[in-house]
Amino acid sequence: MKKVSVILAALLLVAVSVVSAFAAGINDSEQKVLDELKTSVKMQGTDMYLPDSYVNQAENYFNTIDMTAGQADQMLAVIKDGKAQLEATGAKNIADCTFAQKQALMDTIKKVMAPVNGTASYDKSTKEVTLKDEKGEVIFKAAPTLVAKDGKPGVDADGKKTDGGVIKTTGASANTTAMVVVGAAALIAIAGGVFFVVKKRG
Amino acid sequence: MSEHRRHRHNKKAGGKSFVILPIIFFIGIFTVLYVALAPTFDPLASAVGTLFSDAEKDYSTSYKNIFVPVIEETTVSAETDKKGESSETPQKTVDVEEVEFPNYGNQFGDIRIPGCGVDCPLFLGDGDIALRNGAGIYYGSGIPGYGKTILVAGHNNTFFNGLKNAEPGQEIYVRTSYGNFVYTVRETAVVEALDVTAYDLAADEESLILYTCYPFDEIGLTTKRFFVYADFTSGVVIDKDAE
């Protein structure tokens, strides 16, 4: 009887452990961070905001974790410092900041990620900032920009118009295009060669 | 033509052949070999690319699939009667804790539009790997059931080519591991790619927006996108307060 009870208890424990529980949506700490991300920064007298899509990316990430109050407080402090830093640049947007200011901002972004053991990097070729969580999963990828709430697109690090990477290139991929061009060139070259030989023999 | 002149002409033509023909055939054979061996070159080119980039890049071609279809009966109507009460069976509610929120790059569902011939896997994230294997939800938008705008991209020459047949009234079926959803096409539109007024990612009402490059059969980069706007019709409700 004792053995049967032990086996039943073990089975019960296994059954309970099989039921998965995931991160429980957005908790109060995470909501505080999201609220802070939605507030404006004064850039040359204009209220500038993070694009909505950037805040959504943060929200999607927070849906996969359970941030503690301590982590949120640390993150909030760095975000507020970052806002002060942005306002002190005197620039209209991130694109107008000096190289040194941009580097300082990047360091701040890295500090924002530190409480959750995340990382931040900037890719010069795509001009995008990528944030990764502690497992190395991408949680944010976009051009660093701010937007006024006037329905106009922002500008990337080079001052070119950008929607922040929302809409992708969904035509034939670059590889396909290259293959078609190269294939057509090969066909023309071979046809030219055949024409030359036939003409010479004729 | 004298013998001497014919000899000079042949010599001249022969000289041309020795120069032009090898060049033409070299270009032809080189390009054919390039096309044949391009898949081998790509990883090498990527490796060289990393030397000029300070960012950590992901060249993997695999992805994580967390999609386990839910049986059809779990999708119930979201319509309510005039008294505000459910007109059919009570809506199926899922506790937020039971939802495995996908990570970027995960396949977590599929999308089907019977009227358009669209039927493909659905990913969170619209990176290269996702769009090579199906349709991808922009990570800066919502996912089904969370009451936000869901922005989905797909290639016009593969999975979303069928969008050219989209018409108002058609139903879009989205299945995920935590429930099934139905959306109804409201309208279609051709919009400039950089037109940020084409979507509202801050909306607090659930809707589905699908898009692909336009024109449909054009190869290469296009500045326009074809949008399909669809309204939420039915699906499970995520209980975000459940803790």
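Mentor: Strands (E, at least two residues) and helices (H or I, at least four) are themselves DSSP runs, numbered from the N terminus. Residues are numbered from 1 along each chain as its sequence is written, while chains are lettered from A and ligands numbered from 1 in the order in which they are written. And keep in mind that this is a predicted model, where local features need pLDDT of at least 70 and side-chain atom pairs count only at pLDDT 80 or more, though totals for chains, interfaces and linings use all residues.

Trainee: What makes strand E4 (residues 128–132) of chain A a partner of E5(A)?

Mentor: Four bridges join E4(A) to E5(A), which clears the pairing cut-off. The two run antiparallel.

Trainee: Which strands make up the open sheet of chain A, and in what order?

Mentor: Three of them, in the order E3-E4-E5, with antiparallel pairing. Strand E3 (119–123) and E5 of chain A each have a single partner strand, so they are the edges, with one side of each lacking a neighbour in the sheet. On average, neighbouring strands are turned by 15 degrees against each other, direction ignored (axes are lines fitted to C-alpha atoms, for helices over the stretch in contact, and angles run from 0 to 180 degrees between N-to-C directions). Helix H5 (residues 99–113) of chain A packs on this sheet, touching E3 and E4 of chain A, and its direction makes about 150 degrees with that of E3(A). Touching means contact here (C-beta atoms, placed from the backbone, within 7 Å).

Trainee: Why is strand E5 (residues 138–142) of chain A called largely enclosed?

Mentor: Burial counts C-beta atoms, placed from the backbone, within 10 Å of a residue's own: 20 or more others make it buried, 12 or fewer exposed, and in between it's partly exposed. Four of the five residues of E5(A) are buried, so the rest of the structure largely encloses the strand.

Trainee: Is Asp156(A) buried or exposed, and how do you know?

Mentor: Asp156(A) has 22 C-beta neighbours inside 10 Å, so it's buried. Asp156(A) sits in the loop between strand E6 (154–155) and strand E7 (161–162) of chain A. Beyond its neighbours within four places in sequence, its contacts are Ala95(A), Lys127(A), Ala143(A), Thr145(A) and Thr162(A).

Trainee: Now the helices. What relation do H2(A) and helix H3 (residues 52–62) of chain A have?

Mentor: The axes of helix H2 (residues 28–37) of chain A and H3(A) come within 10 Å and cross at roughly 170 degrees. That makes the pair roughly antiparallel (over 145 degrees; under 35 is roughly parallel, 65 to 115 roughly perpendicular, the rest oblique). Glu30(A), Leu34(A) and Leu37(A) of H2(A) meet Val55(A), Ala58(A), Glu59(A) and Phe62(A) of H3(A).

Trainee: And why does H2(A) get its label relative to helix H4 (residues 69–88) of chain A?

Mentor: H2(A) and H4(A) pack at about 10 degrees, with their axes 8 Å apart. They are therefore roughly parallel to each other. Residues of H2(A) in the contact include Val33(A) and Leu37(A), and those of H4(A) include Met75(A) and Ile79(A).

Trainee: Over to chain B. What makes up the largest nonpolar core?

Mentor: A nonpolar core is a set of buried Ala, Val, Leu, Ile, Met, Phe, Trp, Tyr and Cys residues joined through C-beta atoms within 7 Å. The largest has 69 residues, and Ile137(B), Val152(B) and Ile209(B) have the most contacts inside it. Strand E8 (residues 207–214) of chain B gives the largest share, six residues. A second, separate core of six residues includes Val99(B), Phe101(B), Val236(B) and Ile238(B).

Trainee: How many helices and strands do the two chains have?

Mentor: Chain B has two helices and ten strands, and chain A has six helices and seven strands. Of the 243 residues of chain B, 34% are buried; for the 202 residues of chain A the figure is 28%.

Note on methods:
Two residues are in contact if their C-beta atoms, placed from the backbone, lie within 7 Å.
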